[in-house]
Amino acid sequence: MILTITYTQPPATDLGYLLHKNPSRPQTFELNHGKAHIFYPEATSERCTVALLLDIDPIDLARGKKGSSGEGGLFDYVNDRPYVSSSFMSVAISRVFGTAMSGKCKEKPELAAIKLPLKAKIMMLPCKGGEEIIYRLFEPLGYKVDVEGYMLDEKFPEWGKSRYYTVSLEGEVRVRDLLNHIYVLIPVLDSEKHYWVGEDEIDKLFQHGEGWLVDHPEKELITGRYLIRKKRLVNQALKRLLEASDVVDDENEDDEPLKNEETEKKLNLNQQRLGTVVAVLKSVNAKKVIDLGCGEGNLLSLLLKDKSFEQITGVDVSYSVLERAKDRLKIDRLPEMQRKRISLFQSSLVYRDKRFSGYDAATVIEVIEHLDENRLQAFEKVLFEFTRPQTVIVSTPNKEYNFHYQNLFEGNLRHRDHRFEWTRKEFETWAVKVAEKYGYSVRFLQIGEIDDEFGSPTQMGVFTL
């Protein structure tokens with residue numbers, strides 16, 4: 001298994017200073033179950049790439065060296081551990097790049113402190129739950145994510161896809177943050193660890209999650225999997241996260257008294273949903289965004305706080321809802337520069353409107369289920385044929401997950417105004433058909449806690465022209 005990191009800002013060989021590894025000198029580090037090799041396949045002023053190659057000895061795994069999770073050896077049968085990027089890779093990253101992970105760089109301290117254009121590639125990364133989880137974990141951190149999947153056996157396509165992926169990450173990020181993100185999220189995606197997990201793992205999680213975990217929309221999933229679902233440890237960690245979140249809220253409230261009942265709430269589904277939307281928009285570098293069916297402006301409020309979004313527009317069919325959005329966003333009291341960034345107008349999603357055009361991305365969040373199914377074709381033409389933004393994000397409830405809800409409305413729907421709700425297969429069938437018809441590609445994300453049988457409460461399609 002290999003991890004590569006590439007830097008392309010001249011002089012690109014500064015990457016060697018940041019990682020404390022000389023590009024001209026390959027190095028080997030001894031690990032409990034093998035070796036970690038560091039080398040630079042390319043090292044020029046314009047482009048520099050470092051590679052971490054992990055060489056795990058399967059015989060050592062079966063013998064049960066010190067540090068194994070079982071008394072008789074970690075593995076005594078054929079397995080994937082010597083060949084995939086698992087917790088072994090995280091341990092190797094910590095061993096090899098420990099100083100860089102702390103943000104220290106004696107020769108180039110100014111570079112260590114700023115965001116740089118970096119690319120990372122993790123080869124043969126196991127992922128429990130499908131590739132959408134990879135996007136859910138990395139995109140909120142600001143990365144452009146590319147995922148390459150593999151068949152179990154190309155000679156037997158009926159066996160389906162494997163759970164292994166090669167993942168490419170690209171973004172402007174500090175070296176220390178990139179390393180810490182990968183260190184934490186590799187075992188989270190794998191949902192396994194090769195060593196005993198005790199209370200010290202909570203400290204590791206907070207050490208390497210400093211500055212990003214508390215605000216991550218999937219922090220509960222990350223915490224649960226990182227601590228391999230040990231209930232006592234997970235509860236301790238979530239309590240610390242809640243306390244840390246309270247501190248952040250306190251610092252940002254301008255000394256206003258906190259509402260205990262709000263700060264004690266877990267991150268709710270709507271927050272996760274909107275956080276994912278913002279992360280996707282940032283990952284595609286959208287500057288101009290139109291929110292179709294904006295309601296009272298929950299998403300608009302988040303976009304307004306982020307200066308990277310230059311033009312923000314909310315559209316809704318209800319005039320009274322738009323008035324409430326205007327009041328909620330305090331548009332009349334915004335500074336002039338802020339006020340110029342945002343606009344609201346009334347319109348219908350099933351009729352062509354020239355004002356919909358000219359945006360990098362359109363969001364349609366929990367809206368289509370409010371349309372009559374016989375109006376969907378008109379909606380599709382308006383959005384994908386006439387408006388035609390580069391990116392379209394559509395979210396809708398997953399009907400299968402309704403198993404977890406009580407007191408549903410007529411037709412087993414979550415809201416009295418819903419005209420329909422789709423299963424995952426129904427939504428994917430619709431989305432793929434629309435994408436093919438109008439020249440888009442589409443990928444799917446699950447939002448909220450995932451049930452192994454019923455999926456997540458919210459399903460999302462990200463269409464790219």
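Helix H16 (residues 424-438) lies across strands E12, E13 and E14, running at about 155° to E13. The labels for helices (H or I, at least four residues) and strands (E, at least two residues) are DSSP runs, numbered from the N terminus. Contact means heavy atoms within 4.5 Å. Axes are lines fitted to C-alpha atoms, for helices over the stretch in contact, and angles between N-to-C directions run from 0 to 180 degrees.

Please keep in mind that this is a predicted model, in which local features need pLDDT of at least 70 and side-chain atom pairs count only at pLDDT 80 or more, while totals for chains, interfaces and linings use all residues. Residues are numbered from 1 along each chain as its sequence is written, and side-chain values use heavy atoms, with hydrogens and water left out.

- E12, E13 and E14 belong to an open sheet of seven strands with mixed pairing, in the order E10-E9-E8-E11-E12-E14-E13. Two strands pair if DSSP finds at least two bridges between them.
- Strands E10 (342-346) and E13 (441-447) each have a single partner strand, so one side of each is left without a neighbour in the sheet.
- Neighbouring strands of this sheet are turned by 15° against each other on average, with direction ignored.
- Strands E11 (residues 361-365) and E12 (residues 391-397) run parallel and are joined by five bridges. Here Thr363 stands opposite Ile393 in E12.
- Helix H15 (residues 376-387) also packs on the sheet, touching E8 (288-292), E11, E12 and E14 (458-464). The direction of H15 makes about 150° with that of E11.

**A site listed by UniProt**

- An unreviewed UniProt entry lists Gly293 and Ile365 under "binding site". Such positions are given in the numbering used here, feature names are shortened, and annotations may be inferred rather than shown by experiment.
- Why can we speak of one spot? The two residues span 73 residues in sequence, yet no two of their C-alpha atoms are more than 7.3 Å apart, so they gather at one spot.
- Ile365 is in strand E11, whereas Gly293 is in the loop between E8 and helix H12 (298-305).
- Leaving aside neighbours within four places in sequence, Gly293 is in contact with Val315, Asp316, Leu349 and Val367.

**The antiparallel sheet**

- Another open sheet of seven strands has antiparallel pairing and the order E2-E3-E4-E1-E5-E7-E6.
- Strands E2 (27-31) and E6 (144-151) are the edge strands, and each pairs on one side only.
- From one strand to the next, the twist averages 15°.
- Strands E5 (residues 116-126) and E7 (residues 161-173) run antiparallel and are joined by nine bridges. Lys119 has Glu170 in E7 as its bridge partner.
- Helix H3 lies across E1 (2-7), E2, E3 (34-43) and E4 (48-56), and runs at about 125° to E4.

**Helices that pack on each other**

- H3 (residues 87-101) and H6 (residues 175-190) pack at an angle of about 160°, with their axes 9 Å apart. That makes H3 roughly antiparallel to H6. The words for angles work like this: under 35 degrees is roughly parallel, over 145 roughly antiparallel, 65 to 115 roughly perpendicular, and the rest oblique.
- H3 passes H6 in a left-handed crossing. A crossing is left-handed if the near helix is turned anticlockwise from the far one by less than a right angle, and right-handed if clockwise.
- Residues making this contact include Ile93 and Phe97 of H3 and Leu179 and Tyr183 of H6.
- H6 and H8 (residues 219-226) pack at an angle of about 75°, with axes 8 Å apart. H6 and H8 are therefore roughly perpendicular to each other.
- Tyr183, Val184, Leu185, Pro187, Val188 and Leu189 in H6 meet Ile222, Arg225 and Tyr226 in H8. The contact has eight nonpolar residues, no polar ones and one charged. Ala, Val, Leu, Ile, Met, Phe, Trp, Tyr, Cys and Pro count as nonpolar, Asp, Glu, Lys and Arg as charged, and the others, Gly among them, as polar.

- The peptide bond from Pro10 to Pro11 is cis, with omega near -10°. Pro11 is found in the loop between E1 and helix H1 (14-19).
- Ile228 is not a glycine, although it has a positive phi of about 40°. Ile228 lies in the loop between H8 and helix H9 (231-251).
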